[in-house]
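Let's read this one together, feature by feature. Ask whatever comes to mind as you look at it.

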Amino acid sequence: MAHILDLHLHSEASDDSRAPVEAYLKWLARKRDERPLEGLVLTEHRQFHAAGEYRELEDKYGVLILKASEVETDYGHVLVYGVNDDILKRFDFKNVRLPAQEVITEVARLGGIAMPCHPGRPTIGLIEHYGKRPPLEGVMGVEALNGGSKKGENERVAELIRQYGYHAFGGSDSHLVSFVGLCATEFDRDIKNMDDLVEALRVGGYRPVDFRSPRPQTQAAPEV
């Protein structure tokens, strides 16, 4: 069971990361006081890493490990939670121009949830696309805190959340071991598996947390 999870990070299964999953867990074990994570969600780029098996690591380190995906769309990058065979048949995750509205709508219909990540980032973030095109329908939440964002990006997202009433979550977007858990999401409920996570992300009762400060602070973004 877990209440605090990093919802966005990449292992060596992604083409731009060199971080083994066990190295993340060893780092968190040493940094428990600073980054009290209880779960990780591996969001590999443009794929669902079906072959990844982490049960032994979960038992060894006492950390929940779930698998999701980060896909690329015509509205920027989107995290897909609850990936299943129907979703994988519906979409080619290798396509870097997936239609975002179809991803949001169809992933929900097929049992998952798709949520834009680092929306304040130039070119690959939702905000830049909202400046040129109509807003997407059916977006439940966006990544309000991203550990890899540059100055000003997360602040732009706070305004987006206020405007559209989205739920807010956080993730480290870690590609390197030492970045894991810099930002995460705190849930009011226990998360035991992916079904729990998808349901929680749909209904709310969570908030981004920032562990880059000496003491964790909950972002001021309103919970909807």
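Q: What covers the buried residues of α4?

A: First, some ground rules: this is a predicted model, where local features need pLDDT of at least 70, side-chain atom pairs count only at pLDDT 80 or more, and totals for chains, interfaces and linings use all residues. Residues are numbered from 1 along each chain as its sequence is written, and side-chain values use heavy atoms, with hydrogens and water left out. Helices (H or I, at least four residues) and strands (E, at least two) are DSSP runs, numbered from the N terminus. Contact means heavy atoms within 4.5 Å. Now the case: the cover over α4 includes β3 (64–73), β4, α3 (85–90) and β5 (113–116).

Q: Which residues of α4 are buried?

A: Buried means under 20% relative accessible area, exposed over 50%, and partly exposed in between, with a 1.4 Å probe and protein chains only. In α4 the buried ones are A100, V103, I104, E106 and V107. Just past the end of α4, G111 has a positive phi of about 105°.

Q: How do I read a nonpolar core, and which residues touch the most other members in the largest one?

A: The general idea is that in soluble globular proteins, nonpolar side chains tend to be buried together. A nonpolar core here is a set of buried Ala, Val, Leu, Ile, Met, Phe, Trp, Tyr and Cys residues joined through side-chain atoms within 4.5 Å. The largest has 27 residues, and V80, V103, L126, Y130, L136, V142 and Y166 touch the most other members. Two or more residues each come from β4 (76–81), α4 (100–109), α5, β6 and α6. Of these, α4 gives the most, with four residues. There's also a second, separate core of 21 residues, which includes L7, L66, I113 and A200.

Q: What does Y130 touch?

A: Leaving out residues up to four places away in sequence, Y130 touches Y75, P135, L136, V139, L160, Y164 and Y166.

Q: L160 is on that list. Is L160 buried or exposed?

A: L160 counts as buried because its relative accessibility is 5%. You'll find L160 in helix α6. With the same exclusion of residues up to four places away in sequence, L160 touches P119, L126, I127, Y130, V142 and Y166. For a sense of scale, L160 and A51 are 109 residues apart in sequence and 36 Å apart in space, C-alpha to C-alpha.

Q: How do I read a helix like α6, and what span does it reach?

A: Compare its reach with the expected span, which is 1.5 Å times one less than its number of residues. Helix α6 (residues 153–164) has twelve residues and reaches 17 Å from first C-alpha to last, close to the 16 Å expected.

Then look at its sides. E153, N154, V157, A158, L160 and I161 are buried in α6. They sit on the same side of α6, because they cover an arc of only 165° around the axis; the arc is that of the directions from the helix axis to the C-beta atoms. On the other side of α6, E155, R162 and Q163 are exposed. The buried residues of α6 pack against α5 (126–130), β6 (141–146) and β7 (167–171). After α6 comes G165, with a positive phi near 70°.

Q: Which residues other than glycine have a positive phi?

A: In general, most residues other than glycine have a negative phi. R46 lies in the loop between β2 and α2 and, at 23% relative accessibility, counts as partly exposed. D173 is another case, with phi near 55°. D173 sits in the loop between β7 and β8 (183–191) and, at 10% relative accessibility, counts as buried.

Q: Where is E53, and is E53 buried or exposed?

A: E53 is in the loop between β2 (39–45) and α2 (55–61). At 62% relative accessibility, E53 counts as exposed.

A: The protein chain has seven helices and ten strands. The radius of gyration is taken over C-alpha atoms, and the globule rule is 2.2 Å times the number of residues to the power 0.38. For 224 residues a compact globule would come out near 17 Å, and the 16 Å of the protein chain agrees. Of those 224 residues, 56% count as buried.
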